[in-house]
Amino acid sequence: MEKLILRRVDRRNEEMILNFGPQHPSTHGVINFIVETDGEVLRRAIPDVGYLHRSIEKIGEMVGYPGFMPYTDRVDYLAAMFANEGYAIAVERLLKLQVPKRAQYLRAIACELNRIASHLVSIGSMAMDIGAVTPFPYALREREYINDLIEALCGARLTYNYLRIGGVAYDLPQGWRDRCLTFLDHFDSLLQEWDRLISFNEIYERRLGGVAVISREQAIDYGLVGPNLRASGVDWDLRRDAPYGAYADFKFDVPVGKGWAGVVGDCYDRYYVRVLEMFASAKIVRQALEKLPEGEIQVKVPKKPKPEAGETMGRVESARGELAYYVVSDGTDRAHRVRARTGSFLAMGIIEDISPGLMVADLVALIASLDVVAPEIDR
Amino acid sequence: MAQSASEYVGNVKDTVKSFWHGMSITLSYMLRRPITVQYPDRTDLPVRDTLPPRYRGFLEVDVSICTGCQACERACPISCIQMELEKDPRNPKQRLVTQFDIDEAKCMFCGLCVEPCPTGSIQHTREFEGSQRSIRNLVFRWADPLAPFPVYKVAKDA
Amino acid sequence: MTINEIHEKLKAELGEAVGPLSDPKADPFCVVKADRIVDACRFLRATPGLELDFCEDLTAVDWPKRNVIEVVYHLYSYRHRHGIVLKVETDRTSPSVPSVEGVWKAANWMEREVYDLFGVAFPGHPDLRRVLLPDDWEGHPLRKDYQEGEGYHGVPNVRENPLVELRRLDQIRIAEQAKANPPAPAPAAPAAPAAPTAKA
Amino acid sequence: MPVNYAPLPKRTPRWLVGLTWAIAVGLPVSLLVVLLVLLPITKPAMIDGFILHQLGHDPAVWPWRDLLAAAALVLIGAVVFGWGAVFGGVSTWLERKIAGRMQSRIGPNRAGAGGYLVWMADALKMLLKEDLVPAEADDLLFRAAPYFGLVGFLLTFVTLPFGEGIIVADLGVGAFFVTAITALVVVGILVAGWSSNSKWALFGGFRSAAQVISYEIPAGISLMVPVLMAGTLSMQGIIRAQGGAPWNWFVFRNPAAFVAFFIFFTSQLAEANRTPFDLPEAESELVAGYHSEYSGFRFGLFFLVEYGSLWVMSALAITLFFGGWQIPGFHADQWVAVRGTSPFPPPAWWGMQAASMAVFAAKTYTLVLVVLWIRWTLPRIRIDQMMNLCWKYLVPGAFACFLFTLLWQLLVSAVPRVELASGIALSLVALVLVALFLKQTRDNIYSVAGDRIDLSNW
């Protein structure tokens, strides 16, 4: 059965057609690219996704509202807290619940820690894809501290299931606050070391500067979100421009691409925006810990909530950009339709159109800079 | 592309400066103690004991206080808990649980079954090492069909 | 600019093709005729006061009772910080909605996903292929009446459930024990702790 | 189902530590001692003397003379191959251990104390693993490819010195011979890349061809700088032209040689496919590059060539720029004095030879450590940047150094003391740079709260 994707590849001339994936060290999960190369230079790289499709949206229609929460963790396991919060916000708006202040602060703390952990994996694996193997274990070492913190908070390292509809499952354990503050002190000294080790490395800047530039209009047109969008110069952050939960009380700066190593919107900008964002999130966690109000952490919700018919969209600024849960309810205790719109899915859409002219090594850099995660594409 | 002389020399200078810092950092890490621990046998104490109390490992049922209300069975999204209750032939008011199986191979350790339990008989342990010869061994059986355990009745005033 | 004003402007532009704004149960939306959706989108994107340049989401909802598949467009504008939700209804038997890929490039992949999981054809789409499922997959999974086949290319997707299996074996053993000593069975011994059973 | 936790082995058992030390020190040193004893004896002059005195035949007439010389050379070849293999193995262990520590993890420590025997385990595993040949691969070329590389790697030992008198054959064109022979390795890589019938391997092969061929030019030119200063192409001659003390080494005696060393070192990194030039086997792009279809013993050979060329590369750089086996404070005439005139060299001579071998091995090993260290710090360069770096930075730089050295030699012949002045000045500069670097490293450690130098658990 000849794959339809090969129709798009014109095989008249003698270019080499390469299967870049699905099992390949630098595709960050199970993604396949049909790559048409002329020597080192690519004619075109066509993404072929779907290897990790578990139809989570169909499960959303079969499992009740609270039962779907653990599945949201598995949409993007590197940033599971945001998926929880997106779904929770959508269902709370359907049920017209007011989440207590303390629960919103706990959500913000857990989410920002999770953002740091997700960005650490992203920049660590990006450095490894470019060839520097050593920064990866350093990034994972810091992530281990965060994993231990979140494990003490909610019991799991990756698929947290920490949030519930109407609030949060647990409160801060004993002594967690001080452990978190000591981690933040240690973490803040890391930026200058990380910069000296890899960010300002001449080869690193050369490999990423001016590569696969995405202009401002292109980013908006292709629907890029999050760090990929901000790196192209669009100053948009959901936490600041359409604040949800407790983000209105925090002051933090949103890094925007400035062409640090060449052009605004190139691979280096997408990388360095994530590095700066990590340290902005560290400030948010610090502010949230200081201003943590007292109060209960979850609103009373029936075991089988039955929201009245209607639809809503819960938007959250995830580590991979604006994650939106579009939930349609028809009055029964099961959702009629649950739709997770993720940042990585649209980032894949742009690869085919900016890949012509890149080299094989640049395709690796582009995939790493867009920080796509396979389960988030295929859901 | 024509490079000006200053740009040419600048590139060389940047390269040397950035290599200098990068190399010094990696050398500095070589002289420090590694942070990795050698699981499973060279850890100073078993990893199970270093986990925080809220860790969600394998499920454990305290059959003496299980009221047989099947709340956990309903709460589990993947339905990997299966219970079977029967009337006790000797005194009709007492119910017996003849089957209480949890399929830990399918369980995703989400913790949704622990919350609705009225007496807290089902809990997560800190046990996570689940490698078995066959996947069927991962089905934990908390009630013996031949000797079913009586359902616990919560005292009115408790 | 609130959603009502956008709706007024849209209604002024397209007249009867745009339905009324739904009462805000949760998020208000308005229904647009299928053939005028591309003009509506181009209008919403082009006019200086609106500039909905971000096609946030394009998905579909299947309503078997009303025999309709709704294609939902969530549009948003970064500059003006406002947005609107459009819906297009097509019948379930042969759903087809003109593609808005010309207006936003983001719609390309989202329309392919809707085609893949709902079967809605998008005439005018440059490369309408299945995006998630293999090319030779029959049926569209997210439809309410989707019957799951028993596997793909001979690979079964059903695993025998050990719990059901164990219950059947218990029945057999209880029956044997009842046959062995019919009078009152031995008093209930305390339950065996988590002993992995020896599979019969 | 809990794992039963055996009590933590407080210290590895005494006998294992002893065994590991025995092998770690014993194996390489014994090979070097065999080389030390064997090489001087198997010189043609010594063989003729041996035939004349011991066997009482006239060497010119005796029919078996050439056969005896050939047998001696075969024996030397085997020992040198042994030394290359052992060094290759040991550096695989060392690289994994250094990589581990630099990435703040432990590195191999299960086989033997400190994991030293892991390279023997690897070698054994490679022998036992099935070395399969892909279906449509070109059988003959596929099987022959590793041996091209191996020959290219082993032949360089012919002119590489080990000590003052310890060299297989002190050819008059030693340096030129080594540059020519290392080109054979790229033939092996190209053939491997093409014949394994995999697009990725083909990519790796072509990248390596482009890289090694284009980097031979800056290597060749920057190699000419010490040859100009020494006036001879023979390896021993170049070393004898340098003195033992650092200010007598070529690298400091001529500022252009200082630059030429870095150009030579960079291009040798590229020829040995080491980071930042490891494009041919870029893990994150080409999976494993040219040797992705190889397994078992054939892969072992490629592995041996890759790690063995570490020694060749460093030995060449030490010979040309850092005064090879010159023992500080021991001048050329003292060598002649200690040799004496008797046909069989006195024990004092053997002692000095061993000392010169030790100095040479120590210097080469430090340079090998720097090469390993670079691998775990720098990212990989892209192919067009690699070509750009070679043709726009290294080749013009090498030519500039070459011309500067010509003028420098004229200046030196006019004012001999300027060479000593430059030597002392540059070696002081080098000393200051190293001191600054170590201070910077120490600051890195103490800048992080709670960290301190801690070499336990090696």
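Domain bounds in this report come from an automatic or database domain assignment. The model is predicted. Chain D is divided into domain 1, spanning 15–123, and domain 2, made up of 129–328 + 350–442.

**Within chain D**

Taken over C-alpha atoms, the centres of domain 1 and domain 2 of chain D are separated by 21 Å. Contact between the two involves 20 residues of domain 1 of chain D and 22 residues of domain 2 of chain D. On the side of domain 1 that touches domain 2, the elements giving two or more residues are helix 1 (14–41) and helix 3 (65–102) of chain D. Helix 3 of chain D gives the most to this side, with 14 residues.

**Between chain D and chain A**

Chain D also touches chain A: 24 residues of chain D are in contact with 26 residues of chain A. Here, helix 11 (283–286) and helix 15 (383–414) of chain D are the elements that give two or more residues to the side of chain D that touches chain A. Of the elements on that side, helix 11 of chain D gives the most, with three residues.

**Residue classes on the two sides**

The table sets out the classes of the residues on each side described above.

| Side | Nonpolar | Polar | Charged |
|---|---|---|---|
| Domain 1 of chain D, touching domain 2 of chain D | 15 residues | four residues | one residue |

Methods: Residues numbered from 1 in each chain as written. Chains lettered and ligands numbered in written order. Predicted model: local features only at pLDDT ≥ 70, side-chain atom pairs only at ≥ 80, totals over all residues. Contact = placed C-beta atoms within 7 Å. Helix = DSSP H or I, 4+ residues; strand = E, 2+ residues; numbered from the N terminus. Nonpolar A, V, L, I, M, F, W, Y, C, P; charged D, E, K, R; others polar.
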